[in-house]
Amino acid sequence: MGKKKPEEMAKQRDRFMSGAAALGHPAGTAGEVFDQMEKFAGYGFNKSHSAAYGLVSYQTAYLKTHYPVEFMAALLTSETSKPENVVKYIAECKELGISVEPPDVQVSGLQFTPHGEAIRFGLAAVKNVVATRSIRS
């Protein structure tokens, strides 16, 4: 179904309908079920995509559970260009009991960084600050 070849879909419909009839299911109901499956094929993931997304979800949940400060610092850094998301994830940090410390020109880097049990705000996320290479050695 994922390939959506019309001739193959017609063959599969015939096969499905005759199988449903052999099992005593009404033709109207079988047709509706096949139509729903056909519609799903337009947006459904195949097994390899589902397995990959499942693995990434598991790894993400593991990191967030066992390394919450580091995970949230990386997430905030990845959303630096979207202030509305930074605000949302800082609120999530608060819910998790993780403090987000204000930016400090003496301590902060460009990115959000773990700072003990807290996260130091990244300078690149400060409005109107242009991120360039660090000149510190």
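# Helix packing in a predicted model

Helix α1 contributes M9, Q12, R13, F16, M17 and A20 to a contact with helix α2, where the partners are A27, A30, G31, V33, F34, D35, M37 and E38. By class, the residues of this contact are 9 nonpolar, 2 polar and 3 charged. Contact here means heavy atoms within 4.5 Å. Ala, Val, Leu, Ile, Met, Phe, Trp, Tyr, Cys and Pro count as nonpolar, Asp, Glu, Lys and Arg as charged, and the others, Gly among them, as polar.

The model is predicted, and local features require a pLDDT of at least 70, side-chain atom pairs count only at pLDDT 80 or more, and totals for chains, interfaces and linings use all residues. Residues are numbered from 1 along each chain as its sequence is written, and side-chain values use heavy atoms, with hydrogens and water left out.

## The chain as a whole

The chain contains 5 helices and 3 strands, arranged along the sequence as α-α-α-α-α-β-β-β. Helices (H or I, at least four residues) and strands (E, at least two) are DSSP runs, numbered from the N terminus. Of the 137 residues, 20% are buried, a term that denotes under 20% relative accessible area, with exposed over 50% and partly exposed in between (1.4 Å probe, protein chains only). Among contacts between residues at least 6 apart in sequence, 35% join residues at least 24 apart.

Two packed helices are described by the angle between their axes and the distance between the axes. Axes are lines fitted to C-alpha atoms, for helices over the stretch in contact, and angles run from 0 to 180 degrees between N-to-C directions.

| Helix pair | Angle | Axis distance |
|---|---|---|
| α1 (residues 6–22) and α2 (residues 27–41) | about 145 degrees | 10 Å |
| α3 (residues 47–66) and α4 | about 120 degrees | 5 Å |
| α4 (residues 68–78) and α5 (residues 83–95) | about 170 degrees | 9 Å |

The crossing of α1 and α2 is right-handed; a crossing is left-handed if the near helix is turned anticlockwise from the far one by less than a right angle, and right-handed if clockwise. Helix α1 itself has 17 residues and reaches 24 Å from its first C-alpha to its last, close to the 24 Å expected at 1.5 Å a residue. That expected span is 1.5 Å times one less than the number of residues. Just after α1, G24 takes a positive phi of about 85 degrees.

Helices α3 and α4 pack at about 120 degrees, which makes α3 oblique to α4. Angles under 35 degrees count as roughly parallel, over 145 as roughly antiparallel, 65 to 115 as roughly perpendicular and the rest as oblique. The contact joins T60, L63, K64, T65 and H66 of α3 to P68, F71 and M72 of α4. Its residues divide into 4 nonpolar, 3 polar and 1 charged.

Within helix α4 lies F71, which is buried at a relative accessible area of 19%. Leaving aside residues up to four places away in sequence, F71 touches T60, L63 and K64. T60 is 11 residues from F71 along the chain, and their C-alpha atoms are separated by 8.5 Å.

Helices α4 and α5 pack at about 170 degrees and are therefore roughly antiparallel to each other. M72, L75 and L76 of α4 meet V86, Y89, I90, E92 and C93 of α5. This contact has 7 nonpolar, no polar and 1 charged residues.

Helix α5 also holds N85, a buried residue with a relative accessible area of 16%. The C-alpha atoms of N85 and L75, 10 residues apart along the chain, are separated by 9.7 Å.
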